[in-house]
Amino acid sequence: MTLELLTLFAVSVACDVFGQTFFKLGAIGISAGKPGIVPPSLWVAIGLVVYVVEIFVWLGVLAIAPLTVAAPIASLNYIGVMLASRWLFSERITRRQWAGAGLVTLGVIAVALTGG
Amino acid sequence: MSSNEHDDALRVVPRSETLLWTLFITFATATQLAFKWAGSDLEGQEFGLRFVGAALARPSVWTAIVGYVTMFTLWINILRRVPLSRAFVMTAIVYVPVTIGAWLIFDEQISALRGIGIAAIIVGVVLINSETSG
């Protein structure tokens, strides 16, 4: 695996983590019902922009690696988003939930190996 | 829906978590199957302006676009109620109805590896929801 491909993978997973984090910030803002420093719709819009960027990053990945190789590696986004939610939003994740997330990730890797 | 909370364009009607998930999974499944349908519609065509034109003339592509927009609205509303750590992993459950749908509609075979993967996803999602301490 080349350095370029590794970087593209890392950026792709980071896009998922940041995109979902911005969506969550927007959702929290909507529920709070009072305007924060950043309006909820702006958080959501930033999240959408991140996902548009990811489309091009992902096209870059698929230009180098076949889908059955790329998709299983991209499945690490589940763990990435879990870690980010724990750190940024102080969400409590029990041991059983970590085990569940691990199983889901392995399951998605298996599905992705068969062509997604 | 009557509420004293601040109104927002991104808020939709269903308030129950179960209903939101049911709608999300339904639309996500329809969107994925629409993509498969669109893929078979557009197979072998070269990407470019003509491709985009041909794509936009297909009902399959419009189903996928409408599905994406609806999923997005539902997703923001799921995130208002469900911790992100739990919600994001749970979206993987969509692979289950998509696999069954692809088998029923497009006659796609379910390999042993895919069957094992789907079983792992189901068990994983059950584990994640067995403690909703998020």
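Two residues count as in contact here if their C-beta atoms, placed from the backbone, lie within 7 Å. The model shown in these views is a predicted one.

**View 1. Where chain A meets chain B.** By that cut-off, 36 residues of chain A are in contact with 32 residues of chain B. The top contributor is α5(A), with 13 residues. Sort the chain A side by residue type and you get 19 nonpolar, 11 polar and 6 charged.

**View 2. Helix α4 of chain A and its buried side.** With 13 residues at 1.5 Å a residue, α4(A) should span 18 Å, and its end C-alpha atoms sit 17 Å apart, so the two agree. Buried in this helix are A:Asn77, A:Tyr78, A:Val81, A:Met82, A:Ala84 and A:Ser85. These residues cover an arc of only 165° around the axis, so they end up on the same side of α4(A). Their cover includes α1, α3 (67–74) and α5 of chain A, along with α4 (84–90) of chain B. Just past the helix, A:Ser90 takes a positive phi of about 50°.

**View 3. Around B:Ala102.** This residue is part of helix α5 (residues 95–106) of chain B. B:Ala102 has 17 other C-beta atoms within 10 Å, so it counts as partly exposed, since being buried takes 20 or more and being exposed 12 or fewer. Leaving aside residues up to four places away in sequence, B:Ala102 touches B:Leu33, B:Lys36 and B:Glu108. B:Gly48 is 54 residues away along the chain, and its C-alpha atom is separated from that of B:Ala102 by 28 Å.

Definitions and conventions. Residues are numbered from 1 along each chain as its sequence is written. Chains are lettered from A and ligands numbered from 1 in the order in which they are written. This is a predicted model: local features need pLDDT of at least 70, side-chain atom pairs count only at pLDDT 80 or more; totals for chains, interfaces and linings use all residues. Helices (H or I, at least four residues) and strands (E, at least two) are DSSP runs, numbered from the N terminus. Ala, Val, Leu, Ile, Met, Phe, Trp, Tyr, Cys and Pro count as nonpolar, Asp, Glu, Lys and Arg as charged, and the others, Gly among them, as polar. The expected span of a helix is 1.5 Å times one less than its number of residues. The arc is that of the directions from the helix axis to the C-beta atoms.
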